[in-house]
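Subject: Structure for your files

Hello,

Here is the structure you asked about. Please look it over first; my notes follow below it.

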Amino acid sequence: MLVSRYGSTVVSTLSGGSHCSVKKCLKVRVGCLFYRFLLIYLLVSLSRLIDITNSFITALEDSITMNLQTHDLSLFLRYLNALGLLALDAVLIYALYDQFFKQDLPCPLCLLQRVGFVACMVALLLNITYGSRPWHYGLLLLSAVFGATVALRQVSLHVIPGTLSYGEDFFGMHFYTWAFVSFVSIILLTSLLLLVPNQYPEHESFIAFIRQPLWVRLIVAAGLLVIMVNMGAALIECGFWVCDDNPESYKLLLPAW
């Protein structure tokens, strides 16, 4: 009896001990499997996060590169327009020099050609300040076509046999002939600029005068001064009346002028 009780107790004890060990093993195995799946999930998530981060960095680098290229192109075109403005500054400065120092007063058609040059300068100033825009180029082309038409009209008046030329010549051609060549050159160069891709910025690209490079500010200031002087010169020559066909004096100045 004692043996049997002892044996049953031992059996029950061993049986109970064995049962507890199985539960612990199951818990441990389930815990291991859970942590394995969790580790695998974390690794997969980390891999996907790395891929997404790499894609974002690549897209950001491409965007920055594209913006830098567009920015560089925009600056290049601004500076190119500034050089064009410098050329027109030189044209009108020499015209003013010929007018005031050589007493060669411009005729009405000559003044209209200066209007065409001034309008071209305004279009270039817009490109320098606000960046390239289609309507800036449109204004530039229309101004050049207007100036070329007026210049060609004056050329046609003086190529008729028996008619005299107007004003002095410059390197073998008169100013109105040079004006026609200049306006045609502006039309051709502007047409070439219109072929440049990706030159129009998507966002506002205004650059204030004070933030422009020094050499650009000097060109812009000279251009504005030339425009104002030409307006004043036309006013004192013609006054508030119709300009003379062959002007010999300034209507708003003393007869000595």
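A residue is called buried here when its relative accessible area is under 20%, exposed when over 50%, and partly exposed in between. Please note that this is a predicted model.

Helix 5

Helix 5 covers residues 214–238 and has 25 residues. From first C-alpha to last, helix 5 reaches 36 Å, close to the 36 Å expected at 1.5 Å a residue. Its buried residues are Val216, Ile219, Val220, Gly223, Val226, Ile227, Asn230, Ala233, Glu237 and Cys238. Just after helix 5 comes Gly239, with a positive phi of about 70°.

The disulfide

How many disulfides does a search of the whole structure find? The search finds one. Cys238 and Cys243 form this disulfide, and their sulfur atoms are 1.8 Å apart. The link is right-handed, with 105° about the S-S bond. In general, a disulfide is a covalent bond between the sulfur atoms of two cysteines.

The two partners fall into separate accessibility classes. Cys238 has a relative accessible area of 4%, so Cys238 is buried. Cys243, at 22%, counts as partly exposed. I also looked at two further cysteines. Cys107 is buried at 6% relative accessibility, and Cys120 is buried at 0%.

The salt bridge

A search of the whole structure also finds one salt bridge. Which residue pairs with Asp244? The partner is Lys251, and the closest N and O atoms of the pair are 3.5 Å apart. Side chains of opposite charge can pair when their charged atoms come close. Both ends of this pair are partly exposed: Asp244 has a relative accessible area of 39%, and Lys251 has 31%.

A backbone point

Gln103 is not a glycine, yet has a positive phi of about 55°. Gln103 sits in the loop between helix 1 (2–101) and helix 2. With a relative accessible area of 47%, Gln103 is partly exposed.

The protein as a whole

The protein has five helices and two strands. Read from the N terminus, the elements run α-α-α-β-β-α-α. Of the 257 residues, 28% are buried. The accessible surface comes to about 17100 Å², and carbon and sulfur atoms account for 73% of that surface. Among contacts with a separation of 6 or more, 71% are between residues 24 or more positions apart.

The mean pLDDT of the protein is 80, and 77% of the residues reach 70 or more. Where is confidence lowest and where is it highest? Confidence is lowest in strand 1 (residues 169–170), at a mean of 68. Confidence is highest in helix 2 (residues 108–130), at 94.

Two stretches need a separate word. Where pLDDT is low, the predicted coordinates should not be read in detail.

Regards

Note on methods
Residues numbered from 1 in each chain as written. Heavy atoms only, no water. Disulfide = S-S within 2.5 Å. Buried < 20%, exposed > 50% of the residue type's maximum accessible area, 1.4 Å probe, protein only. Salt bridge = Lys/Arg side-chain N within 4 Å of Asp/Glu carboxyl O. Helix = DSSP H or I, 4+ residues; strand = E, 2+ residues; numbered from the N terminus. Expected span 1.5 Å × (residues − 1). pLDDT = per-residue confidence, 0-100. Contact = heavy atoms within 4.5 Å. Areas by Shrake-Rupley, 256 points an atom, 1.4 Å probe, with all protein chains shown as cover.
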